[in-house]
Amino acid sequence: MKIAREVILGTAIALATFGYASAQDWPTRNVTVVVPIPAGVASDIIARVVFEQVGRQVGQAFVIENRPGAGGTIGANAVAKAAPDGYTILVYGSIAAANALYAQLPYDTVADFVPVVPFGETPLVVVTAVGRYKTLAELLAAAKAKPGELNYASVGIGSAAHFGAVRLAASAGITVQHVPFKGPEWLTDTIAGRVDFSVLPVTTVIGQIRDGKLTALAVSSAKRAASLPDVPTLLEAGLKADAIYPFYTGAYLPSKTPRAIVDKLHDEVTQALAVSSVQERLAKIGVEKLPMTVAEFEKFFKDDVANNLALVNEANIPKQ
(Lines give C-alpha, C1' and ligand atoms only; values in the text may rest on other atoms or scores of the structure.)
Protein backbone atom coordinates (compact mmCIF):
# COMPACT_ATOMS: atom_id res chain seq x y z
CA MET A 1 0.00 0.00 0.00
CA LYS A 2 2.87 2.31 0.85
CA ILE A 3 4.40 1.68 -2.58
CA ALA A 4 1.05 2.33 -4.27
CA ARG A 5 0.66 5.63 -2.44
CA GLU A 6 4.17 6.66 -3.45
CA VAL A 7 3.45 5.77 -7.08
CA ILE A 8 0.21 7.79 -7.06
CA LEU A 9 1.91 10.74 -5.40
CA GLY A 10 4.79 10.61 -7.85
CA THR A 11 2.43 10.47 -10.80
CA ALA A 12 0.46 13.46 -9.51
CA ILE A 13 3.64 15.48 -9.06
CA ALA A 14 4.84 14.52 -12.54
CA LEU A 15 1.53 15.54 -14.12
CA ALA A 16 1.51 18.84 -12.25
CA THR A 17 5.10 19.53 -13.31
CA PHE A 18 4.27 18.63 -16.92
CA GLY A 19 1.23 20.95 -16.87
CA TYR A 20 3.30 23.81 -15.48
CA ALA A 21 6.04 23.24 -18.03
CA SER A 22 3.48 23.16 -20.84
CA ALA A 23 1.99 26.40 -19.59
CA GLN A 24 5.41 28.02 -19.48
CA ASP A 25 6.09 26.91 -23.06
CA TRP A 26 2.80 28.38 -24.34
CA PRO A 27 2.16 28.98 -27.17
CA THR A 28 3.56 26.21 -29.34
CA ARG A 29 1.05 26.67 -32.17
CA ASN A 30 -1.31 29.26 -33.62
CA VAL A 31 -3.72 30.96 -31.21
CA THR A 32 -7.30 31.92 -32.12
CA VAL A 33 -8.42 35.35 -30.99
CA VAL A 34 -12.21 35.62 -31.08
CA VAL A 35 -13.53 39.15 -31.58
CA PRO A 36 -17.35 39.02 -31.29
CA ILE A 37 -17.95 42.06 -33.48
CA PRO A 38 -17.47 42.81 -37.20
CA ALA A 39 -14.04 43.61 -38.58
CA GLY A 40 -13.08 47.28 -38.56
CA VAL A 41 -14.80 48.21 -35.30
CA ALA A 42 -12.79 49.51 -32.31
CA SER A 43 -12.12 46.23 -30.45
CA ASP A 44 -11.24 44.47 -33.71
CA ILE A 45 -8.72 47.14 -34.69
CA ILE A 46 -7.15 47.08 -31.23
CA ALA A 47 -6.90 43.28 -31.21
CA ARG A 48 -5.17 43.22 -34.57
CA VAL A 49 -2.63 45.89 -33.61
CA VAL A 50 -1.74 44.29 -30.27
CA PHE A 51 -1.68 40.62 -31.27
CA GLU A 52 0.35 41.33 -34.37
CA GLN A 53 3.10 42.45 -31.99
CA VAL A 54 2.49 39.62 -29.49
CA GLY A 55 2.86 37.15 -32.35
CA ARG A 56 6.25 38.60 -33.20
CA GLN A 57 7.31 38.32 -29.56
CA VAL A 58 6.41 34.65 -29.10
CA GLY A 59 6.99 33.42 -32.65
CA GLN A 60 3.43 32.17 -33.23
CA ALA A 61 0.48 33.54 -35.18
CA PHE A 62 -2.53 34.99 -33.36
CA VAL A 63 -5.38 34.57 -35.81
CA ILE A 64 -8.24 37.05 -35.46
CA GLU A 65 -11.63 35.40 -35.91
CA ASN A 66 -14.64 37.72 -36.07
CA ARG A 67 -17.82 36.10 -34.70
CA PRO A 68 -20.44 38.86 -34.50
CA GLY A 69 -24.04 38.39 -33.44
CA ALA A 70 -26.37 38.78 -30.48
CA GLY A 71 -24.46 41.71 -29.02
CA GLY A 72 -21.21 39.78 -29.00
CA THR A 73 -22.58 36.89 -26.95
CA ILE A 74 -22.17 34.31 -29.75
CA GLY A 75 -18.42 34.83 -29.89
CA ALA A 76 -18.16 35.06 -26.12
CA ASN A 77 -19.98 31.76 -25.72
CA ALA A 78 -17.58 30.07 -28.12
CA VAL A 79 -14.67 31.09 -25.90
CA ALA A 80 -16.48 30.18 -22.69
CA LYS A 81 -16.95 26.65 -24.05
CA ALA A 82 -13.43 26.34 -25.48
CA ALA A 83 -10.68 24.23 -23.96
CA PRO A 84 -8.93 26.17 -21.16
CA ASP A 85 -5.50 25.78 -22.74
CA GLY A 86 -4.72 29.33 -23.80
CA TYR A 87 -5.34 28.73 -27.49
CA THR A 88 -8.70 30.52 -27.64
CA ILE A 89 -8.78 34.14 -26.44
CA LEU A 90 -11.72 36.51 -26.25
CA VAL A 91 -11.25 40.22 -27.01
CA TYR A 92 -14.40 42.09 -26.08
CA GLY A 93 -15.35 45.67 -25.32
CA SER A 94 -18.94 45.19 -24.16
CA ILE A 95 -18.95 41.97 -22.16
CA ALA A 96 -20.27 43.67 -18.99
CA ALA A 97 -22.96 45.52 -20.93
CA ALA A 98 -24.14 42.30 -22.62
CA ASN A 99 -24.32 40.62 -19.24
CA ALA A 100 -26.64 43.36 -17.99
CA LEU A 101 -28.77 43.53 -21.12
CA TYR A 102 -29.55 39.92 -21.94
CA ALA A 103 -32.01 38.08 -19.72
CA GLN A 104 -30.52 34.69 -20.53
CA LEU A 105 -26.95 33.97 -21.57
CA PRO A 106 -25.45 30.60 -22.45
CA TYR A 107 -22.52 31.35 -20.14
CA ASP A 108 -21.80 32.96 -16.78
CA THR A 109 -20.00 36.24 -17.43
CA VAL A 110 -18.04 36.20 -14.17
CA ALA A 111 -17.59 32.47 -13.54
CA ASP A 112 -16.75 31.33 -17.09
CA PHE A 113 -14.00 33.83 -17.93
CA VAL A 114 -10.67 34.94 -16.52
CA PRO A 115 -10.06 38.68 -17.09
CA VAL A 116 -6.42 38.79 -18.19
CA VAL A 117 -5.43 42.25 -19.34
CA PRO A 118 -7.00 45.48 -20.61
CA PHE A 119 -5.60 46.85 -23.86
CA GLY A 120 -6.74 50.36 -22.99
CA GLU A 121 -9.70 52.63 -22.54
CA THR A 122 -11.46 54.29 -25.43
CA PRO A 123 -13.19 57.43 -24.13
CA LEU A 124 -16.65 58.13 -25.44
CA VAL A 125 -17.21 61.52 -27.04
CA VAL A 126 -20.44 63.50 -27.32
CA VAL A 127 -20.77 64.60 -30.94
CA THR A 128 -23.30 66.59 -32.90
CA ALA A 129 -23.71 67.97 -36.40
CA VAL A 130 -21.53 70.95 -37.19
CA GLY A 131 -23.40 74.14 -36.30
CA ARG A 132 -26.07 72.38 -34.20
CA TYR A 133 -24.65 72.96 -30.70
CA LYS A 134 -21.43 74.69 -29.76
CA THR A 135 -21.14 73.34 -26.22
CA LEU A 136 -22.51 70.53 -24.10
CA ALA A 137 -24.33 73.15 -22.03
CA GLU A 138 -26.28 74.24 -25.12
CA LEU A 139 -27.24 70.64 -25.88
CA LEU A 140 -28.40 69.98 -22.32
CA ALA A 141 -30.35 73.26 -22.23
CA ALA A 142 -32.15 72.30 -25.43
CA ALA A 143 -32.96 68.86 -24.03
CA LYS A 144 -34.36 70.35 -20.81
CA ALA A 145 -36.43 72.87 -22.76
CA LYS A 146 -37.99 70.10 -24.85
CA PRO A 147 -38.18 66.94 -22.68
CA GLY A 148 -38.27 63.79 -24.78
CA GLU A 149 -37.97 65.58 -28.12
CA LEU A 150 -34.23 65.38 -28.71
CA ASN A 151 -32.80 62.08 -29.86
CA TYR A 152 -29.47 60.31 -30.07
CA ALA A 153 -28.09 57.61 -32.36
CA SER A 154 -26.33 54.41 -31.43
CA VAL A 155 -25.07 51.30 -33.17
CA GLY A 156 -27.60 49.21 -31.29
CA ILE A 157 -29.23 48.45 -27.96
CA GLY A 158 -26.62 47.64 -25.34
CA SER A 159 -23.75 49.24 -27.26
CA ALA A 160 -21.34 51.62 -25.56
CA ALA A 161 -23.03 54.42 -27.52
CA HIS A 162 -26.39 53.44 -26.01
CA PHE A 163 -25.25 52.97 -22.41
CA GLY A 164 -22.98 56.01 -22.59
CA ALA A 165 -25.91 58.22 -23.60
CA VAL A 166 -28.14 56.67 -20.90
CA ARG A 167 -25.50 57.41 -18.28
CA LEU A 168 -25.13 60.99 -19.57
CA ALA A 169 -28.90 61.61 -19.61
CA ALA A 170 -29.37 60.23 -16.11
CA SER A 171 -26.58 62.37 -14.69
CA ALA A 172 -27.75 65.51 -16.50
CA GLY A 173 -31.42 64.97 -15.66
CA ILE A 174 -32.63 65.03 -19.24
CA THR A 175 -35.08 62.84 -21.18
CA VAL A 176 -34.05 61.95 -24.74
CA GLN A 177 -35.07 59.37 -27.32
CA HIS A 178 -32.85 56.48 -28.38
CA VAL A 179 -32.56 55.76 -32.11
CA PRO A 180 -30.69 52.45 -32.58
CA PHE A 181 -29.27 51.68 -36.02
CA LYS A 182 -28.21 48.36 -37.50
CA GLY A 183 -26.02 49.85 -40.19
CA PRO A 184 -23.74 52.83 -40.88
CA GLU A 185 -26.69 55.23 -41.14
CA TRP A 186 -26.09 56.26 -37.52
CA LEU A 187 -23.02 58.16 -38.68
CA THR A 188 -24.50 59.77 -41.77
CA ASP A 189 -27.62 60.79 -39.84
CA THR A 190 -25.55 62.32 -37.05
CA ILE A 191 -23.40 64.25 -39.52
CA ALA A 192 -26.50 65.41 -41.39
CA GLY A 193 -28.23 66.49 -38.16
CA ARG A 194 -31.14 64.09 -38.56
CA VAL A 195 -30.37 62.97 -35.01
CA ASP A 196 -29.43 65.53 -32.39
CA PHE A 197 -26.33 63.92 -30.92
CA SER A 198 -24.42 60.68 -30.35
CA VAL A 199 -22.12 59.43 -27.58
CA LEU A 200 -19.57 57.29 -29.37
CA PRO A 201 -16.12 55.75 -28.87
CA VAL A 202 -13.45 58.22 -29.98
CA THR A 203 -12.00 55.49 -32.20
CA THR A 204 -15.21 55.42 -34.25
CA VAL A 205 -15.50 59.13 -35.04
CA ILE A 206 -12.10 60.69 -34.55
CA GLY A 207 -11.61 60.95 -38.31
CA GLN A 208 -14.89 62.83 -38.81
CA ILE A 209 -14.07 65.16 -35.91
CA ARG A 210 -10.62 65.96 -37.30
CA ASP A 211 -12.09 66.48 -40.77
CA GLY A 212 -14.61 68.98 -39.40
CA LYS A 213 -17.66 66.82 -40.19
CA LEU A 214 -18.72 66.51 -36.54
CA THR A 215 -18.45 68.78 -33.51
CA ALA A 216 -17.08 67.19 -30.34
CA LEU A 217 -18.77 68.66 -27.25
CA ALA A 218 -17.20 66.62 -24.43
CA VAL A 219 -15.38 63.39 -23.71
CA SER A 220 -16.71 60.86 -21.23
CA SER A 221 -13.56 60.32 -19.18
CA ALA A 222 -11.92 61.56 -15.99
CA LYS A 223 -9.28 63.47 -17.94
CA ARG A 224 -9.06 64.92 -21.42
CA ALA A 225 -8.39 62.49 -24.23
CA ALA A 226 -4.87 62.72 -25.64
CA SER A 227 -6.34 62.42 -29.14
CA LEU A 228 -8.74 65.36 -28.52
CA PRO A 229 -6.84 67.64 -26.12
CA ASP A 230 -9.04 70.68 -26.83
CA VAL A 231 -12.31 68.92 -25.98
CA PRO A 232 -13.43 69.28 -22.33
CA THR A 233 -14.45 66.34 -20.18
CA LEU A 234 -18.01 65.88 -18.91
CA LEU A 235 -16.74 66.95 -15.50
CA GLU A 236 -15.26 70.15 -16.91
CA ALA A 237 -18.60 70.73 -18.65
CA GLY A 238 -20.33 70.73 -15.26
CA LEU A 239 -21.52 67.15 -14.81
CA LYS A 240 -20.61 64.74 -12.02
CA ALA A 241 -18.45 61.61 -12.22
CA ASP A 242 -21.54 59.41 -12.57
CA ALA A 243 -21.95 60.78 -16.10
CA ILE A 244 -18.87 58.87 -17.23
CA TYR A 245 -19.35 55.51 -18.90
CA PRO A 246 -16.03 53.62 -19.09
CA PHE A 247 -15.47 51.81 -22.37
CA TYR A 248 -12.45 49.54 -22.56
CA THR A 249 -11.27 46.53 -24.48
CA GLY A 250 -9.79 43.53 -22.68
CA ALA A 251 -8.57 39.99 -23.22
CA TYR A 252 -10.27 37.07 -21.49
CA LEU A 253 -9.56 33.35 -21.26
CA PRO A 254 -11.88 30.47 -20.37
CA SER A 255 -12.05 29.75 -16.65
CA LYS A 256 -9.74 26.97 -15.42
CA THR A 257 -6.98 28.14 -17.77
CA PRO A 258 -3.68 27.45 -15.96
CA ARG A 259 -2.46 30.50 -14.08
CA ALA A 260 0.93 30.29 -15.77
CA ILE A 261 -0.75 30.84 -19.16
CA VAL A 262 -2.88 33.68 -17.78
CA ASP A 263 0.24 35.38 -16.44
CA LYS A 264 2.19 34.84 -19.63
CA LEU A 265 -0.57 36.25 -21.82
CA HIS A 266 -0.84 39.24 -19.49
CA ASP A 267 2.92 39.82 -19.62
CA GLU A 268 3.18 39.42 -23.41
CA VAL A 269 0.31 41.85 -24.03
CA THR A 270 1.78 44.31 -21.52
CA GLN A 271 5.12 44.08 -23.31
CA ALA A 272 3.42 44.62 -26.67
CA LEU A 273 1.58 47.68 -25.35
CA ALA A 274 4.94 49.19 -24.36
CA VAL A 275 6.29 49.03 -27.92
CA SER A 276 6.42 52.54 -29.37
CA SER A 277 4.93 51.59 -32.74
CA VAL A 278 1.96 49.91 -31.00
CA GLN A 279 1.47 52.93 -28.73
CA GLU A 280 1.50 55.24 -31.75
CA ARG A 281 -1.05 53.16 -33.65
CA LEU A 282 -3.40 52.92 -30.66
CA ALA A 283 -3.03 56.60 -29.80
CA LYS A 284 -3.89 57.48 -33.39
CA ILE A 285 -7.32 55.88 -32.95
CA GLY A 286 -7.90 57.37 -29.52
CA VAL A 287 -7.02 54.49 -27.19
CA GLU A 288 -5.81 55.62 -23.76
CA LYS A 289 -3.47 53.58 -21.55
CA LEU A 290 -5.09 51.48 -18.81
CA PRO A 291 -2.29 49.49 -17.13
CA MET A 292 -3.40 46.85 -14.60
CA THR A 293 -2.21 43.66 -13.00
CA VAL A 294 -4.32 40.53 -13.43
CA ALA A 295 -5.77 41.02 -9.94
CA GLU A 296 -6.53 44.69 -10.57
CA PHE A 297 -8.25 43.93 -13.85
CA GLU A 298 -10.33 41.19 -12.24
CA LYS A 299 -11.64 43.64 -9.63
CA PHE A 300 -12.18 46.35 -12.26
CA PHE A 301 -14.10 43.89 -14.41
CA LYS A 302 -16.34 42.66 -11.59
CA ASP A 303 -17.11 46.24 -10.58
CA ASP A 304 -17.98 47.07 -14.18
CA VAL A 305 -20.33 44.08 -14.38
CA ALA A 306 -22.12 45.30 -11.25
CA ASN A 307 -22.27 48.91 -12.49
CA ASN A 308 -23.79 47.89 -15.82
CA LEU A 309 -26.45 45.82 -14.06
CA ALA A 310 -27.30 48.82 -11.91
CA LEU A 311 -27.49 51.10 -14.96
CA VAL A 312 -29.92 48.80 -16.78
CA ASN A 313 -32.12 48.45 -13.70
CA GLU A 314 -32.13 52.15 -12.81
CA ALA A 315 -32.81 53.28 -16.38
CA ASN A 316 -35.47 50.57 -16.91
CA ILE A 317 -33.77 49.36 -20.08
CA PRO A 318 -35.78 46.33 -21.30
CA LYS A 319 -33.97 43.02 -21.15
CA GLN A 320 -33.32 41.42 -24.51
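I began with Asp196 and found its place in the loop between α7 (185-192) and β8 (197-201); helices (H or I, at least four residues) and strands (E, at least two) are DSSP runs, numbered from the N terminus. I note that this is a predicted model, in which local features need pLDDT of at least 70 and side-chain atom pairs count only at pLDDT 80 or more, while totals for chains, interfaces and linings use all residues. Residues are numbered from 1 along each chain as its sequence is written, and side-chain values use heavy atoms, with hydrogens and water left out.

**Entry 1**

Is Asp196 buried or exposed? I looked up its relative accessibility, which is 12%, so Asp196 counts as buried; the classes are buried (under 20% relative accessible area), exposed (over 50%) and partly exposed (in between), with a 1.4 Å probe and protein chains only.

I then asked which side chain makes a polar contact with the side chain of Asp196. The partner is the side chain of Arg132, at 2.7 Å. A polar contact is a pair of N or O atoms within 3.5 Å; within protein, one must be able to donate a hydrogen and the other to accept it, and residues adjacent in sequence count only if both atoms are side-chain atoms. The side chain of Asp196 also reaches a backbone atom, the nitrogen of Asn151, at 2.8 Å.

When I left aside the neighbours within four places in sequence, I found Asp196 in contact (heavy atoms within 4.5 Å) with Thr128, Arg132, Tyr133, Glu149, Leu150 and Asn151.

I next looked up Gly131, which lies in the loop between β5 and α5 (136-145) and, at 71% relative accessibility, counts as exposed. The C-alpha atoms of Gly131 and Gly193 are separated by 9.2 Å, although these residues are 62 residues apart along the chain.

Glu185 lies in helix α7, and its relative accessible area of 40% makes it partly exposed. From C-alpha to C-alpha, Glu185 and Val155 are 9.0 Å apart in space, while in sequence they are 30 residues apart.

**Entry 1: helix α8**

Which residues are buried in helix α8 (residues 202-210)? I listed Val202, Thr203, Val205, Ile206, Gln208 and Ile209. The elements that cover these buried residues include α2 (42-58), β5 (124-129), α7, β8, β9 (214-220) and α10 (276-284). Just after α8, I saw that Gly212 takes a positive phi of about 80°.

**Entry 2: backbone angles**

Pro27 lies in the loop between α1 (2-25) and β1 (31-35).

Ala70 is not a glycine, yet it has a positive phi of about 55°; I located Ala70 in the loop between β2 (62-66) and α3 (73-80), where it is partly exposed, with a relative accessible area of 39%. Lys256, which is not a glycine either, has a positive phi of about 75°. Lys256 lies in the loop between β10 (248-254) and α9 (259-273), and at 76% relative accessibility it counts as exposed.

**Entry 3: Asn307**

I found Asn307 in helix α11 (residues 294-314), and it is partly exposed, with a relative accessible area of 44%.

**Entry 4: the whole chain**

At the end I turned to the whole protein chain, which has eleven helices and ten strands. The radius of gyration is 22 Å, close to the 20 Å that the globule rule gives for 320 residues, so the protein chain is as compact as a globular protein of that length; this radius is taken over C-alpha atoms, and the globule rule is 2.2 Å times the number of residues to the power 0.38. Along its principal axes, the C-alpha trace spans about 85 × 40 × 30 Å.

Of the 320 residues, 52% are buried. Among contacts between residues at least 6 apart in sequence, I noted that 79% join residues at least 24 apart.
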